[in-house]
Amino acid sequence: QTVNKLKKQLTMNQNLKQNKQNAVAFYKTAYEGNPQKAVDLYVGAEYIQHNPLVGDGIQPFIDYFERMAGEYPNKSIEFVRVIAEGDLTALHTHQIWPDNIEYVTMDFFRFDNNGKIIEHWDSMQEIPKTSAHKNTMY
């Protein structure tokens with residue numbers, strides 16, 4: 001029984017590690033201009049979208065990121081933190097857009113039993129030029 005428990009824990013830890021790697025690869029691939037490849041490699045049979053600026057489903061996701069790549073080719077992203085628990089993985093990122101506008105973002109992805117992304121939530125905040133303290137937003 002203890003051996004089975006350890007095997008189950010090891011498998012769960014491997015799945016969490018893989019989901020973390022896949023969430024970063026998915027987001028990076030789409031963000032850098034190849035959302036179709038991101039979908040082909042990392043998305044399951046459905047893609048439920050909660051961002052109100054992007055349509056629900058796979059094709060609206062592709063259309064949005066293709067448009068962003070065309071309109072803002074020089075944007076950049078840094079993955080600051082990646083946290084996984086159960087079927088959810090969270091990304092904490094630092095994005096820099098044209099005119100040196102910086103954002104802190106938090107994206108959450110839900111994975112299916114096959115390790116594919118099927119749902120997304122996010123929150124973005126522009127990083128202000130001044131702060132009441134010296135701490136960063138990361």
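Mentor: Helices (H or I, at least four residues) and strands (E, at least two) are DSSP runs, numbered from the N terminus, and Asn-100 lies in the loop between E3 and E4. The model is a predicted one, in which local features need pLDDT of at least 70 and side-chain atom pairs count only at pLDDT 80 or more, while totals for chains, interfaces and linings use all residues. Residues are numbered from 1 along each chain as its sequence is written, and side-chain values use heavy atoms, with hydrogens and water left out.

Trainee: How do you know what confidence the protein chain has?

Mentor: On pLDDT, the predictor's confidence in each residue from 0 to 100, the protein chain has a mean of 94, and 100% of its residues reach 70 or more. Confidence is lowest in H1, at a mean of 88, and highest in H2, at 98.

Trainee: What makes the phi of Asp-99 worth a remark?

Mentor: Most residues other than glycine have a negative phi. The phi of Asp-99, which is not a glycine, is positive, near 65°, and Asn-100, again not a glycine, has a positive phi of about 60°.

Trainee: What makes E1 and E2 edge strands?

Mentor: The open sheet of five strands has the order E1-E5-E4-E3-E2, with mixed pairing, where two strands pair if DSSP finds at least two bridges between them. E1 and E2 (76–85) each have a single partner strand, so one side of each is left without a neighbour in the sheet.

Trainee: How do you know that E3 and E4 pair?

Mentor: E3 and E4 are joined by 10 bridges in the antiparallel sense, and the cut-off is at least two, so the two strands count as a pair. Ala-90 stands opposite Phe-108 in E4. H1 packs on this sheet, touching E1, E2, E3, E4 and E5 (117–126).

Trainee: Which residues does Tyr-47 touch?

Mentor: Contact means heavy atoms within 4.5 Å; leaving aside residues up to four places away in sequence, the partners of Tyr-47 include Phe-26, Phe-61, Phe-109 and Ile-117.

Trainee: What makes a group of residues a nonpolar core, and how many residues does the largest one have?

Mentor: A nonpolar core is a set of buried Ala, Val, Leu, Ile, Met, Phe, Trp, Tyr and Cys residues joined through side-chain atoms within 4.5 Å. The largest has 22 residues, and those with the most contacts inside it are Phe-26, Tyr-47, Phe-61, Phe-109 and Ile-117. Among the elements that give two or more residues to this core are helix H1 (2–31), helix H3 (58–71) and strand E4 (101–111); in H1, the buried residues include Leu-16, Phe-26 and Tyr-31.

Trainee: How does the reach of H1 stand against the expected span?

Mentor: The expected span is 1.5 Å times one less than the number of residues; H1 has 30 residues and reaches 43 Å from its first C-alpha to its last, close to the expected 44 Å. H1 is followed by Gly-33, whose phi is positive, near 110°.

Conventions. Buried means under 20% relative accessible area, exposed over 50%, partly exposed in between (1.4 Å probe, protein chains only). Axes are lines fitted to C-alpha atoms, for helices over the stretch in contact, and angles run from 0 to 180 degrees between N-to-C directions.
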